[in-house]
Amino acid sequence: MFTKLISALKATRRTIVFTEGPDARILEAADRLIKDDLMDVILIGNVDEVKAAAAKGGFDMDEMVAKMVELRKGKMSEEDCRAALAKGNYFGTMLVKMGKADALLGGATYSTADTVRPALQLIKTKKGVNVPGVHLSMP
């Protein structure tokens, strides 16, 4: 089973975002993915680290803010979106939404609600998909 998974990962290069980069468990997982050449990894840390990584990676924060404002359709102001993007869970979700990463892993230190909320707000579910048992208050 794992042999097939490893083969699939190596056949199609993917990038994963870890929203809690400084966590020891995340660092260990990222290290294994990189050493085994399975995936590219983006680690997200504190606000200054996120801003520096965004600049280094050529991510246009203004473009990201504009896209998030558009996605939230009047539910969040530009200022609200900038503040949200200073948090790893929102920044990482926008990396996936904008095609800079293929997947996101969070929840080591964020609550389930704080991990799922950005995905439901920004990526959303497919039309007609119901998420039973998930009751999050959305601003």
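Predicted model: local features only at pLDDT ≥ 70, side-chain atom pairs only at ≥ 80, totals over all residues.

User: In what sense do S1 and S2 pair, and over how many bridges?

Analyst: This concerns strand S1, residues 15–18, and strand S2, residues 40–43. Within this pair, Ile 16 has Val 41 of S2 as its bridge partner. The pairing of S1 with S2 is parallel and runs over four bridges.

User: Which residue in S3 stands opposite Phe 18?

Analyst: S1 also pairs with S3 in the parallel sense, over three bridges. Phe 18 belongs to the residues of S1, where it is buried on the side that also holds Ile 16. In S3, the residue opposite Phe 18 is Leu 105.

User: Is Thr 109 buried or exposed?

Analyst: Thr 109 is placed in the loop between strand S3 (103–105) and helix H7 (112–123). Setting aside neighbours within four places in sequence, Thr 109 has contacts with Glu 20 and Asp 23. Its relative accessibility is 59%, and the cut-off for the exposed class is over 50%. Thr 109 therefore counts as exposed.

User: What distance separates the C-alpha atoms of Thr 109 and Ala 24?

Analyst: Along the chain, Thr 109 and Ala 24 are 85 residues apart. In the model, their C-alpha atoms are separated by 11 Å.

User: Where do the buried residues of H7 lie around its axis, and within what arc?

Analyst: The 12 residues of H7 reach 16 Å from the first C-alpha to the last, close to the expected 16 Å. Its buried residues are Thr 115, Arg 117, Pro 118, Gln 121 and Leu 122. Viewed down the axis of H7, these residues line one face of the helix, because they fall within an arc of 165°.

User: Which helices do the buried residues of H7 pack against?

Analyst: The residues in question include Pro 118 and Leu 122. From H7, they pack against two helices, H4 (61–72) and H6 (88–97).

User: Why are the buried residues of H4 placed on the same side of the helix?

Analyst: The buried residues of H4 are Met 64, Val 65, Met 68, Leu 71 and Arg 72. They are put on the same side of H4 because the arc they cover around the axis is only 125°. Their packing partners are helix H5 (78–85), H6 and H7.

User: Which backbone nitrogen does a side-chain oxygen of Asp 60 reach at the start of H4?

Analyst: Asp 60 is involved at the start of H4, whereas just after this helix Lys 73 takes a positive phi of about 35°. The side-chain oxygen of Asp 60 comes to within 2.9 Å of a backbone nitrogen, that of Asp 62.

User: Which backbone oxygen does the side chain of Asn 89 reach?

Analyst: Asn 89 is found in helix H6 and, at 6% relative accessibility, counts as buried. Beyond residues up to four places away in sequence, Asn 89 touches Thr 19, Leu 104, Tyr 110, Asp 114 and Pro 118. At 2.8 Å, its side chain reaches the backbone oxygen of Asp 114.

How values were computed: Residues numbered from 1 in each chain as written. Heavy atoms only, no water. Buried < 20%, exposed > 50% of the residue type's maximum accessible area, 1.4 Å probe, protein only. Contact = heavy atoms within 4.5 Å. Pairing = 2+ DSSP bridges. Expected span 1.5 Å × (residues − 1). Arc of directions from axis to C-beta. Polar contact = N/O pair within 3.5 Å; in protein donor to acceptor, adjacent residues only side chain to side chain.
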